[in-house]
Amino acid sequence: MSRQGSGLVLRLYMGLFFLYMFLPLAIMVAAGFNDYSPPSVTVWKGVTLRWFAELWQDQRMWSGLMNSLLIAGAVIGLAIPMGLAGALLLGRLGGRAAGLLYTAMVSPLLTPGIILGISTAIFWNGLGVAAGLFTAILAQTTFIASYTMLMFMARLQRQDAALEEAALDLGATPFQAFCRITLPFLKPTILTAAVIAFLQSFENYNTTMFSIGGRHTLVTEIGSRMRFGLSPAVNALGILFILATIAFALAWGALKERERRAAARF
């Protein structure tokens, strides 16, 4: 194939790829401004903002959002240190014991979310703790901590072990060597793992649905309404999330550009 033909195929592929990625979002945004319910773009009744007003008055949706943020924050606080501890332990173990422990720690990733949710609720119910936000946090942490552990393990494999050994030879305690050498080295991974843990927690449905009892999150509330037909207010919520994502991306880009310029000056 000629270079011109290859370029045409590449442009066609990229066009289809971006169409596949962004067309559903464009349809969702259009339905959020359509004065017709249920959400639709094939039946158009005019542009309206009333779905945003309806969303603002939907207390269950906002309480579900607050519960989702609360659970995600708690999961980050638990999954990051648990994942880091597991990665450090496996990095210092060797032989068959490390392989068996690795299999046990990764197994939650292979377990269906329904099983994790139900087993967590049953276990804590046997101890007299009713299903709620607490059990949802623990159920999510069981598999999200495994994600963070794998990320820390990948990062630690690139660390030069001689740095910690040199610090210990110079009189530093193991804790000081960890805080001064290993922890700064892991800082980028900690931030990335926190973001991944937040997203995994926020969008989780199966595990949360079967471990949260009578409480609800944003995702479980939307899922429960699917049986009766969604309101375009859900599309309005999606539009707000898109705007928030764009705002965070622009702020992050501006911050990195500012750091680059500062580094170039000095």
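This is a dialogue on reading a predicted model of one protein chain.

Student: What should I check before reading local detail in this model, and what is the chain's average pLDDT?

Tutor: Where pLDDT is low, the predicted coordinates should not be read in detail. Here the chain averages 88, and 98% of its residues score at least 70.

Student: Which elements have the lowest and the highest mean pLDDT?

Tutor: Helix 7, residues 161–169, has the lowest mean at 82, while helix 6, residues 133–156, has the highest at 93.

Student: How do I read the length of helix 3?

Tutor: Compare its end-to-end span with the span expected at 1.5 Å a residue. Helix 3 covers residues 59–92, and its 34 residues reach 50 Å from the first C-alpha to the last, close to the expected 50 Å. At its start, a side-chain oxygen of Asp58 comes to within 3.4 Å of the backbone nitrogen of Arg60.

Student: Which residues have the most contacts inside the largest nonpolar core?

Tutor: That core has 14 residues, and Leu84, Ala87, Met149 and Phe152 have the most contacts inside it. Helix 3, helix 6 and helix 8 (174–202) each give two or more residues to this core. Helix 3 supplies the largest share, 5 residues. Beyond its neighbours within four places in sequence, Leu84 is in contact with Phe152, Phe178 and Leu186. Another core, of 12 residues, lies apart from this one and includes Ile71, Leu133, Ala136 and Ile137.

Student: Is Leu100 buried or exposed?

Tutor: Leu100 counts as exposed because its relative accessibility is 55%, and the cut-off for exposed is over 50%. This leucine is found in helix 4, residues 95–110.

Student: How many salt bridges are there, and how should I read them?

Tutor: Side chains of opposite charge can pair when their charged atoms come close. The count here is 7. In one of them, Glu221 pairs with Arg60, with the closest N and O atoms 2.7 Å apart. This pair links distant parts of the chain: Glu221 is in helix 10 (residues 218–225) and Arg60 in helix 3, 161 residues apart. Glu221 is buried at 5% relative accessible area, whereas Arg60 is partly exposed at 43%.

Student: Which residues are linked with Glu221 in a network of salt bridges?

Tutor: Asp58, Arg60 and Arg225 are linked with Glu221 in that network. Arg225 and Glu221 also have their closest N and O atoms 2.7 Å apart. Both lie in helix 10, 4 residues apart, about one turn of the helix. Arg225 is partly exposed, at 22%.

Technical notes: Residues numbered from 1 in each chain as written. Predicted model: local features only at pLDDT ≥ 70, side-chain atom pairs only at ≥ 80, totals over all residues. Heavy atoms only, no water. pLDDT = per-residue confidence, 0-100. Expected span 1.5 Å × (residues − 1). Polar contact = N/O pair within 3.5 Å; in protein donor to acceptor, adjacent residues only side chain to side chain. Buried < 20%, exposed > 50% of the residue type's maximum accessible area, 1.4 Å probe, protein only. Core = buried A, V, L, I, M, F, W, Y, C linked by side-chain atoms within 4.5 Å. Contact = heavy atoms within 4.5 Å. Salt bridge = Lys/Arg side-chain N within 4 Å of Asp/Glu carboxyl O.
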